[in-house]
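Please keep the structure in view while reading.

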Amino acid sequence: ARLINDVRALQGHGALIAAVKADVPVCLMHMQGQPRVMQQDPSYEDVVKDVMAFLRNRISICNNAGIAEDKIIVDPGFGFGKSLEHNYQLLANVEEVQKFNVPVLAGMSRKSMIGNLLQREIHQRLAGNVAVATVAAQKGAQIIRVHDVKETVDAVRVINTINAYRN
């Protein structure tokens with residue numbers, strides 16, 4: 001393995017120990033609930049603050065276990081135990097996750113947060129996919145998981161050029 005991408009943020013039995021032993025980068029993702037029931041009425045006091053608190057805690061636990069910060073990536077978990085509104089609140093504030101000074105992964109491509117908003121089937125979500133990826137890139141996400149690579153690379157390239165001219 002060259003990377004551990006764990007939807008449970010190394011909370012599973014033995015996962016943290018295995019990650020320390022593997023000595024590879026880890027991606028810690030936020031997920032409320034369990035996969036089978038996570039979309040049944042997810043609720044938060046404040047989704048951004050709650051996700052931030054969870055990720056802060058998991059980073060601390062990983063650091064204390066021996067995983068250096070330069071081997072940690074965080075993923076706010078778009079679509080994992082979050083309503084449509086929660087997902088867009090997170091995206092609107094994804095720069096908050098930058099405060100951890102570790103790479104941020106944003107994975108929204110073809111997800112229901114796009115389909116439900118636009119009322120589009122998976123094969124009709126290209127514009128929405130590129131839009132959310134562009135916003136994530138503009139807000140500082142360093143890793144963007146996509147299906148439509150060529151189109152997203154073009155959009156992010158434009159964003160990176162614009163950002164190069166910022167004062």
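## The sheet and its surroundings

Cys27 has Ile73, a residue of β3, as its bridge partner. The model is predicted, so local features require pLDDT of at least 70 and side-chain atom pairs pLDDT 80 or more, whereas totals for chains, interfaces and linings use all residues. Residues are numbered from 1 along each chain as its sequence is written, and side-chain values use heavy atoms, with hydrogens and water left out.

Strand β2 (residues 26-29) runs parallel to β3 and is joined to β3 by four bridges. Strands β1 and β2 are likewise parallel, with three bridges between them. Strands pair if DSSP finds at least two bridges between them; strands (E, at least two residues) and helices (H or I, at least four) are DSSP runs numbered from the N terminus.

Together, three strands form an open sheet in the order β1-β2-β3 with parallel pairing. Its edge strands, β1 (4-6) and β3 (72-75), each pair on one side only. On average, neighbouring strands of this sheet are turned by 15° against each other, direction ignored. Helix α2 (residues 47-65) packs on the sheet, where α2 touches β2 and β3, and the direction of α2 makes about 160° with that of β3. Such angles run from 0 to 180 degrees between N-to-C directions, and the axes are lines fitted to C-alpha atoms, for helices over the stretch in contact.

Within β2, Val26 and Leu28 point one way, Cys27 and Met29 point the other way, and all are buried. Here, buried means under 20% relative accessible area, exposed means over 50%, and partly exposed lies in between (1.4 Å probe, protein chains only). Asp6 stands opposite Leu28 of β2. Beyond residues up to four places away in sequence, Leu28 touches several others, including Leu10, Leu55 and Ile72, where contact means heavy atoms within 4.5 Å.

## The core

The largest nonpolar core has 34 residues, and among those that touch the most other members are Leu10, Leu28 and Phe78. Such a core is a set of buried Ala, Val, Leu, Ile, Met, Phe, Trp, Tyr and Cys residues joined through side-chain atoms within 4.5 Å. Helix α2 supplies the largest share of this core, with eight residues.

## Two contrasting residues

Leaving aside neighbours within four places in sequence, Thr152 is in contact with Val130, Ala133 and Val146. The C-alpha atoms of Asp41 and Ala22 are separated by 36 Å, with the two residues 19 apart along the chain.

## The whole chain

The protein chain contains six helices and five strands. Its radius of gyration is 16 Å, close to the 15 Å that the globule rule gives for 167 residues, so the chain is as compact as a globular protein of that length. The radius is taken over C-alpha atoms, and the rule is 2.2 Å times the number of residues to the power 0.38. Along the principal axes, the C-alpha atoms of the chain fill a box of roughly 40 × 40 × 30 Å. Buried residues make up 41% of the 167 residues.
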